[in-house]
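The following questions and answers are intended for a reader who is meeting this structure for the first time.

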Amino acid sequence: MARSTSGKGKMDKNLFVFGEEPEEGEDTHFKGRIKQLLRETLSALLTISDLYYRQKGIRPVTRPDVIKDNFDECAEVLVKRCQLYKTQCEDYHSECVQEFRQQLSCLESLAGRVPHVVLNDLKQKSLKRLQTLLNEAEQEHDKIAEDIDREMRLHEQELRPYLGHPQNQDKLDDLIRRENERWQMAFSHIEQHTTELNKIVQDQSEAFLQDLARKSENLLVQFDNMLVVDEIQTGNQPDVRFTSGELIRRHKEGQSLYSTVELAEIVRGKNTWPGLTKDLPGLTDVTCQETKQHSSSSITDDKLKMADESANLRTASVTTMKTTLGHNATMTARDAAYEEFKAYTASALATIGDDRSTRKRTEERFFEKWRTAVEKVKNLYD
């Protein structure tokens, strides 16, 4: 008999396969609640069954195909049935865990596409804003350049042979003075316009650098709060089926040929992501000037080097508590956007420099032509 002989109504402890008392924190998770429910159910069923067989006595059961002859057989069936329920619940729990893990893996993979979209949009908006400002500055320059060119053609038309006569010396001198002023104004405007364009590129580069660093940091922090598959219990995973090539490789390297744990796609754990290097065209000169200013202070060379590297050469680094596909994708997208913007600004600055040289050469050629023409007019009456 499964009943204990130590006291009336007290059953054998071996029947309580789920324990006699609740475990601490048992009601805080699914499997614990199922165990608690099965413990209470089994205890109630055993109590009722014990009471039934005590009252039945030696009388035969009325339905032997359903009701067991004695308490021991009945208790055995009840325990097995409850254990079967527990196994079914554990299988269901494991399947749910595996499905949830797959969903988290899919979510992490999809989240890895977000940084490219976000940071590429930021880059496109910054490039569009830079292009707009440069175009507006060029339009303003073209208006002033048209007035200067119009004055140049007017002076060219006013330069006539009769101005070489000694009686028209005052008129010729006045024309030469006005052309010299126009030429100086043209050169000054070219330099001012070039400085303005460079300042636009510099300001927009600095703004893009700060926006990109801030947006990247925000993405890294958000991905740090995302639940990933490695933070979820594995459950009862099926054995991983390796290919023949993988089995041969594992055999040569002395690794186990059987594994129930899939290899992680990336190295997890805490990570420090470096900041962006401040080497955008237009910012390098500013950084060098700041470094020279720091050099005149009383800071030691070692401290100066550390201060320059941290404050001038890079944006702030970001430390995260985990590493996900989103973190890696953020860094890849950030660096790609940075390099594309860097290439565009380098091309824009090169174009600005070429335009400056072309405009100055044009003015220099005309001025030489002008001086030659003036000399010819003066020599007509020598």
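Q: How are α3 and α8 oriented to each other?
A: Helix α3 covers residues 114-158 and helix α8 covers residues 325-379; they pack at an angle of about 5 degrees, with axes 10 Å apart. Axes are lines fitted to C-alpha atoms, for helices over the stretch in contact, and angles run from 0 to 180 degrees between N-to-C directions. Angles under 35 degrees count as roughly parallel, over 145 as roughly antiparallel, 65 to 115 as roughly perpendicular and the rest as oblique. The two helices, α3 and α8, are therefore roughly parallel to each other.

The model is predicted: local features need pLDDT of at least 70, side-chain atom pairs count only at pLDDT 80 or more, and totals for chains, interfaces and linings use all residues. Residues are numbered from 1 along each chain as its sequence is written, and side-chain values use heavy atoms, with hydrogens and water left out.

Q: How are α4 and α8 oriented to each other?
A: The axes of α4 and α8 come within 10 Å and cross at roughly 180 degrees. Helices α4 and α8 are therefore roughly antiparallel to each other.

Q: How many helices and strands are there in the protein?
A: Helices (H or I, at least four residues) and strands (E, at least two) are DSSP runs, numbered from the N terminus. From that end the order of elements is α-α-α-α-α-β-α-α-β-α. The count is eight helices and two strands.

Q: Is lysine 123 buried or exposed?
A: Lysine 123 lies in helix α3. Leaving out residues up to four places away in sequence, lysine 123 touches (heavy atoms within 4.5 Å) Phe208, Ala337 and Glu340. Buried means under 20% relative accessible area, exposed over 50% and partly exposed in between, with a 1.4 Å probe and protein chains only. At 5% relative accessibility, lysine 123 therefore counts as buried.
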